[in-house]
Amino acid sequence: MKEFLKKKTGLAANVDRIESRYGNVMVRGWALDRKTDEQTVLKVQDADGKEIPAYVERLVRSDVNETFQKPEDYASGFHILLDRAVLDTAAVWIVVRAEKNMDSGIAGMDVDGNLKRNPGETVLQEVSERDIREGVPENRRKNAQEELRLRIQVRASNWLERRIRLHKEKKEDLEPDYDLWIRNQMVHEKEARAQRKAAEHFAKKPLFSVVIPLYNTPKPFLKEIVDSVLQQTYANVELCLADGSSDPSVREFLKKHYAQDKRLRYRKLKENRGISENTNEALRMAKGDFIVFADHDDVLERSAFYEMAAAVNQEPEIDVIYTDEDKVNRSGTAYFGPHFKPDYNRELLCCNNYICHLFAVRRDLLKKVGLLNREYDGAQDYDFVLRCCEKAKRIHHIPKVLYHWRTHPMSTAGNPASKAYAFEAGRRALEAHYERVGIRAQVENTEMLGRYRTRFAIQGQPLVSILIPNKDHIKDLTACLSSIVEKTTYPLYEIVIIENNSEEQSTEEFYQALEEGKVSEYAELVKAGRLRVVRYPGSFNYSAIHNFAVPYTKGEYLLLLNNDTEVCSGGWIEEMLGLCQQKDIGAVGAKLYYPDGTIQHAGVVIGLCGVASHLFIGAAGDADGYAGRLKSVQDVSAVTAACMMTKRAVYEAVGGLTEELAVAYNDIDYCMKVRKIGYLVAFTPYAELTHFESKSRGLEDSKEKQERLGREAGIFCRCWKKELEQGDPYYSPSLSLTKTDCSLRKTWELAEKTRGQETHESKI
């Protein structure tokens, strides 16, 4: 997208990407003042100049700062979040101003197809300067030439009418409207009566204590959160409120409306001691078997504790329970931004607190881990969740949206560092976690605020054996080898090329020159015995080729690598090795790009698009992915062997690759075997390679190949039938199984409603 510049003032701005999904619009880009190093100010307005509520986040963009010679810490980047539910105007403007002199400029912009142009979607349209001037009120038109204003056109202002129309049409080519979707999933009165009746027959009836710190809570919000707890379909609950408010009306309101309900326990604190200490006061009042944490202005779904009680009756040893969540606008009229979470995902939790709400912990475990630690205020919940998960025997995920997180669309543009303390507290909390569990690691903040990167200390200097199968394609092979030799920073690796039925004379000549040390680029490796060729004489069988070659390797770790890959990042081996050295991780996969820079591999989901598929295929290479998963280390069901590291001991324990799977699904099958014997499989976005997929062996484009693919798919499905039926534990049942972008699953994709599906449990 082109840059927009107001030459008179020197203001410049650019929109890099726009995402419109789940009820909100995220605009990402940058804005700066080319004349000075003063911070620019962003505001969102309607056509009349009235400010529109929006969440504005400024961040450092090193690429932009370098281009425009700005200081390293200059916050040139921006993320703007707009709630579609409050957009009742046809034209929305992003206004860029200089901080001191308040100069501004004017421009329009286009999207180049970044958004689906469905009815009601928010799109950017290219507009001329004349069009923009005519959209500015008369009293401001004379100043229009001095404003840098980016116009967003909302094509349908009647949001409710649009939702109803879309619901009636039920067009399968449109993404479902989340607000309607979640309302359809909610427990209505008939089902609520059934839950109340069923709860009476539970063998175990645990008491759930909801602890909430109050601080000058607005009365409408206070009423909503209290009612949402006391009106649960499972009745054995209590509400513990610790009130640090300076406003006495909070206490008066509760006394007036809830004094007769014995389930509400209230304590007025002498002073406001901060969120951790105030919450601890509420914890001291709690008598429940499980302690549940909630914020004072959010809302619980009324079936939340019924679902939790049902889970405890099904599995009495559960120590921790968490659920999915979404956001609700300030007025409580629209739901958006759902977070459909995976089952317990340790590596993802060490990137950010994805568990968050709704979170419940068994009282016995709470006694072991202790109360909230004010040392981590701002990230006290993250620290607490980490401590609980360290000691829990059973962590149970309920894949249903049972918590609604209220949004307050307030701008942080004027002070982007206002929450820096919370992100730093989270980083320290994670470092403390590693110290407690005996892992040497360094934790860093990332450009995604509140998301962390862990650099594990390499234990010793183990040999990594890189296995590369090859048939002819010497040009691809040498490009792969050169990228390894030129970019790899890890010093101790060996490369074993597995020759398989090459037909070209030049291929054998290359091998001979290589082995004789005549290819200067690789001569030192050959001399040191760290680069050699082994010959597998049989017909092509990816699994058999690797099983044949492994005995020729010497490494403690094996790295399976396709010959049509090229290394992008120098520390790729360290990144994969640091993860693979963790005692319960058996295999690690990398982030692979197509030659055009889009995503080829970012982890595999079982059951996606049939048997299994990569996530985020074709997404922009710099995209965050759903819930930041393209930029997070995480546990997954499987990774591709186009670049996969595994422990040699694990490879041998599972019998290597399954040779019945000659071409397809052998790597997915391997990962399933690894997980079956108790190891985890991890994906890291920090080991990056380009993958020229299927260049070496061709595509599945013949009848013979299609028949073989179908045969191998059948073998995989028979072997892992139970796992396919249960669904991928790291992929929500609310997300699509026909698309790889983590979009909302359509009604026709669901065998039954989300609330009727079984929950998943992770054993750790």
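Where is the place of Glu200?

Author: Glu200 is located in the loop between helix H6 (189-199) and strand E10 (208-214); helices (H or I, at least four residues) and strands (E, at least two) are DSSP runs, numbered from the N terminus. Its relative accessibility is 55%, so Glu200 counts as exposed; exposed means over 50% relative accessible area, buried under 20%, and partly exposed in between (1.4 Å probe, protein chains only). Between the C-alpha atoms of Glu200 and Tyr234 there are 8.6 Å in space, with 34 residues separating the two in sequence.

Some remarks on the model itself are in order. This is a predicted model, in which local features need pLDDT of at least 70 and side-chain atom pairs count only at pLDDT 80 or more, whereas totals for chains, interfaces and linings use all residues. Residues are numbered from 1 along each chain as its sequence is written, and side-chain values use heavy atoms, with hydrogens and water left out. The chain has a mean pLDDT (the predictor's confidence in each residue, from 0 to 100) of 84, and 81% of its residues reach 70 or more. For residues 101-147 the pLDDT is below 50, although this stretch has 126 contacts (heavy atoms within 4.5 Å) in the model beyond near neighbours in sequence. Where pLDDT is low, the predicted coordinates should not be read in detail.

In contrast to Glu200, which is exposed, Arg453 is buried, with a relative accessible area of 16%. Arg453 belongs to strand E20 (residues 452-456). Its side chain forms a polar contact of 3.3 Å with the side chain of Glu575; such a contact is a pair of N or O atoms within 3.5 Å, where, within protein, one must be able to donate a hydrogen and the other to accept it, and residues adjacent in sequence count only if both atoms are side-chain atoms. Leaving aside residues up to four places away in sequence, Arg453 also touches residues including Gln442, Thr446 and Tyr686.

Strand E23 (residues 531-535) is largely enclosed by the rest of the structure, because four of its five residues are buried. Strand E22 (residues 493-499) pairs with E23 in the parallel sense over five bridges, pairing requiring that DSSP finds at least two bridges between two strands. Leu531 of E23 is the bridge partner of Ile495.

Helix H10 (residues 304-314) is mostly covered as well, with eight of its 11 residues buried; among them are Phe305, Tyr306 and Val312.
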